[in-house]
Amino acid sequence: MTTQPPTIIYTLTDEAPRLATASFLPIIRSFTAPAGIRVIESDISLAARVLAEFPEFLTEAQRRPNALAELGQKTLQADANIIKLPNISASVGQLIACIKELQDKGHALPDYPNDPQTGEEKALRARYAKCIGSAVNPVLREGNSDRRAPKAVKEYARKNPHAMAEWSQASRSHVSHMHHGDFYHGEKSLTLDKARDVKLELITHGGQTIVLKPKVALLDREIIDSMFMSKKALLDFYEKEIEDARKTGVMFSLHVKATMMKVSHPIVFGHCVKIFYKDAFAKHGKLFEALGVNVNNGMASLYEKIATLPQSKREEVLKDLHACHEHRPELAMVDSAKGITNFHSPNDIIVDASMPAMIRNGGKMRGADGRLKDVKAVMPESTFARIYQEIINFCKWHGAFDPATMGTVPNVGLMAQQAEEYGSHDKTFELPQDGVANITDLATGEVLLSQNVQAGDIWRMCQVKDAAIRDWVKLAVTRARNSGMPVVFWLDAYRPHEAQLITKVKMYLHEHDTAGLDIQIMSQVRAMRYTLERVIRGLDTISATGNILRDYLTDLFPIMELGTSAKMLSIVPLMAGGGMYETGAGGSAPKHVQQLAEENHLRWDSLGEFLALAVSLEDLGRKTGNAKAKVLAKTLDAATGKLLDNNRNPSAKTGQLDNRGSQFYLALYWAQELAAQADDAELARWFAPLARQLADDEQTIVAELAAVQGRPADIGGYYLPDPAKLDAVMRPSPAFNAALRAVAV
Ligand SMILES: NC(=O)C1=CN([C@@H]2O[C@H](COP(=O)(O)OP(=O)(O)OC[C@H]3O[C@@H](n4cnc5c(N)ncnc54)[C@H](OP(=O)(O)O)[C@@H]3O)[C@@H](O)[C@H]2O)C=CC1
Ligand SMILES: O=C(O)CCC(=O)C(=O)O
Ligand SMILES: [Mg+2]
């Protein structure tokens, strides 16, 4: 039997993290090879996922394995050690752009069928749908989530507090959410008494049975929910809130998470656009339909489709769209310089990142004139919107948070085994008719959960497996014990799903020694208030939350505390025993790619990658008995600390140190730490020449890295960059490359 060397799998993703990887991976390999550690790649980028889906359209050489499925399998093995960088959760617009780029590069992929008619087109669209939205994370996250600001990072932020805009008590910014007819309002939930196979069906008032999903296999003790968003209530809500913003003179802004709730939120988004431009849709609705306009994909889709119209018709439509603005409120902008509004694309305003940005800005967003203004932040679903109103209330009363003194709020999030919304994509439906939506036991015909619904309502089923909840509770207790911090479970007893969760949390807490630990359960609004009262006193509090709040809070608090979620440590202890180490808690920062393309400056901060690599090495060392890995982990942590102390983070400004320069300093400090340590003499001897060389060449390397900036850079593509061009752009220092080559094993 041959034993594999200890292996770390490093994902290749998209946009800024993909660029950073082109430079960082060769550095990593130079450091891990002497310890006998293999670092292999797994390409789960959007382009690779699209190519893997359509082998029959490609030449042999163009075909890709289904790396995501393989990696998903790996997460179920005890020796998994995966470093996962953020990837694009694609909107339809991004997917179409990716297909176009691949086609232009000679891949004979079929076009995306926007308006599928034939069976063949419908099948193609269903295959493409697999690549849309949050298609990667639910597959890989076979464990719950442990996200926190490492001590060194928190201390750095305290010493170097980022700017926070002031909050005024007179701020008129607020959150608006539905008070009835939303998912919260009509939710029903139960815990299964045994394993069951169920189907999802709509019994129409005309007596017809429409089977929406023929079979879902459920495990014993699983929690299942049935909930719906009433279309009528949603439209009334939008009408009222748009009018309220106009009358009271605040900007209107819509915040959804169309990536993670990839079926429901584009619909929720599209309704808002149609209500806002109601008059234009009333007049041109038929034309839009004929053109195949789908505003669930944003106004971008509408503008693109009407571009094909004769000029006079196009101008008439545009005039009518503009006319709507006269009796509508001002819209918040995503990019005021380019005239891109909040309605441009559902993925442009992603709640987890967009709401913290607004709160950091003193509750303001930019208007069409580029100025910061108060805003009505509309999040239709009340379930989680209320936490934002609570933090806004708090800021109005107490003023902005002070990063120099505030406490920290780590998160333990429930997400394993496609928990809650993660597993809902194939169980979410826009209902075609009025009727009764049932979750029915296939064997007995028993109706487990039932809802009265109307045509256009969005109905969905969510589920959480018992083992995932048990693991989540264990993780929360472990984190409480290791950190000494109190834990608050953010659970609302009035929400049926969470009432079921509370029962299980209480039950599973008994499995642990909780003596001396402070563990409480509070509704979200109370939990937010309690946590904030502590935060401003410099006290730390772990939030243990469901999947959505895991996402929301792990951008919200890091952005307040550290200025960005890029500096988070984000660990997924896989339930099968392995580990996945995510980098940061944010996304793939598309703006950063644009800056690189125009000015050859990459402001992406790889701190998240540095932190993830250290825990990955530490874990590998512990599990494989590789003592060198542990030394690498310890010295990498020390190097990261030094990087922070010496302020070698990338700057946002072209001409200053960027991602590549920051990675150089990491390599320098890491080599120096390795050369100086006494735990492993072999490693010390190995890295001493590199430490010397990099220190000697520091000025040359920094100058070589700076010299390329200020001019456009060509990486040969956006979704599928050319590897040679990418390498040339991201590794432009001959001196640095030569030093790394000299230590190649
Ligand atoms: N884990 C994952 O796979 C995740 C993927 N995503 C996906 O990423 C894409 C973009 O999402 P979006 O909501 O715009 O969020 P991003 O986090 O990509 O962007 C928000 C802003 O955060 C800052 N930022 C985030 N990470 C870094 C970093 N490492 N270094 C420096 N700055 C950083 C940037 O601010 P500035 O521009 O001011 O420098 C950026 O513009 C989407 O496709 C989304 O679905 C989103 C979240 C997680
Ligand atoms: O899966 C996604 O689309 C994004 C996930 C995300 O934002 C997060 O995990 O913080
Ligand atoms: Mg997030």
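1. Asp-555 has its place in helix α18, helices here being DSSP runs of H or I with at least four residues and strands runs of E with at least two, numbered from the N terminus. The model is a predicted one, in which local features need pLDDT of at least 70 and side-chain atom pairs count only at pLDDT 80 or more, while totals for chains, interfaces and linings use all residues. Residues are numbered from 1 along each chain as its sequence is written, and chains are lettered from A and ligands numbered from 1 in the order in which they are written.

2. Asp-555 counts as buried, with 25 C-beta neighbours inside 10 Å; the term buried asks for 20 or more other C-beta atoms within 10 Å of a residue's own, exposed for 12 or fewer, and partly exposed covers what lies in between, with C-beta atoms placed from the backbone. Leaving aside neighbours within four places in sequence, Asp-555 is in contact with Asp-352, Ala-353, Pro-356, Ser-565, Ala-585 and Gly-586, where contact requires C-beta atoms, placed from the backbone, within 7 Å.

3. Asp-551 is found in helix α18, which covers residues 547-562, and is buried, with 29 other C-beta atoms within 10 Å. Beyond its neighbours within four places in sequence, Asp-551 is in contact with Met-260 and Asp-352.

4. An unreviewed UniProt entry lists Asp-352, Asp-551 and Asp-555 under "binding site"; such positions are given in the numbering used here, feature names are shortened, and annotations may be inferred rather than shown by experiment. These residues span 204 residues in sequence, yet no two of their C-alpha atoms are more than 6.9 Å apart, so they gather at one spot.

5. Ligand 2 is surrounded by Ser-89, Ser-134, Asn-137, Thr-259, Met-260, Asp-352, Asp-551, Thr-554 and Ala-585, a residue being taken as near a molecule if its C-beta atom, placed from the backbone, lies within 6 Å of it. This shell divides into two nonpolar, five polar and two charged residues (Ala, Val, Leu, Ile, Met, Phe, Trp, Tyr, Cys and Pro count as nonpolar, Asp, Glu, Lys and Arg as charged, and the others, Gly among them, as polar).

6. The domain assignment, automatic or from a database, gives domain 1 (7-142 + 574-742) and domain 2 (174-182 + 231-379). Their centres, taken over C-alpha atoms, are separated by 34 Å, and the contact takes eleven residues from domain 1 and eleven residues from domain 2. On the side of domain 1 that touches domain 2, the residues divide into two nonpolar, eight polar and one charged. The shell around ligand 2 draws at least three residues from each of these domains.

7. The largest nonpolar core has 120 residues, of which Ile-391 and Ala-476 touch the most other members; a core is a set of buried Ala, Val, Leu, Ile, Met, Phe, Trp, Tyr and Cys residues joined through C-beta atoms within 7 Å. Apart from this core lies another, of 102 residues, among them Leu-51, Ala-149, Leu-562 and Ala-713.

8. Two backbone angles deserve a check. Most residues other than glycine have a negative phi. Arg-221, however, has a positive phi of about 70 degrees; Arg-221 is placed in the loop between β8 (209-218) and β9 (223-229) and is partly exposed, with 16 other C-beta atoms within 10 Å. Ala-589 has a positive phi near 40 degrees; Ala-589 is placed in the loop between β24 (579-583) and α19 (590-599) and counts as buried, with 22 C-beta neighbours inside 10 Å.

Note on methods: Two residues are in contact if their C-beta atoms, placed from the backbone, lie within 7 Å.
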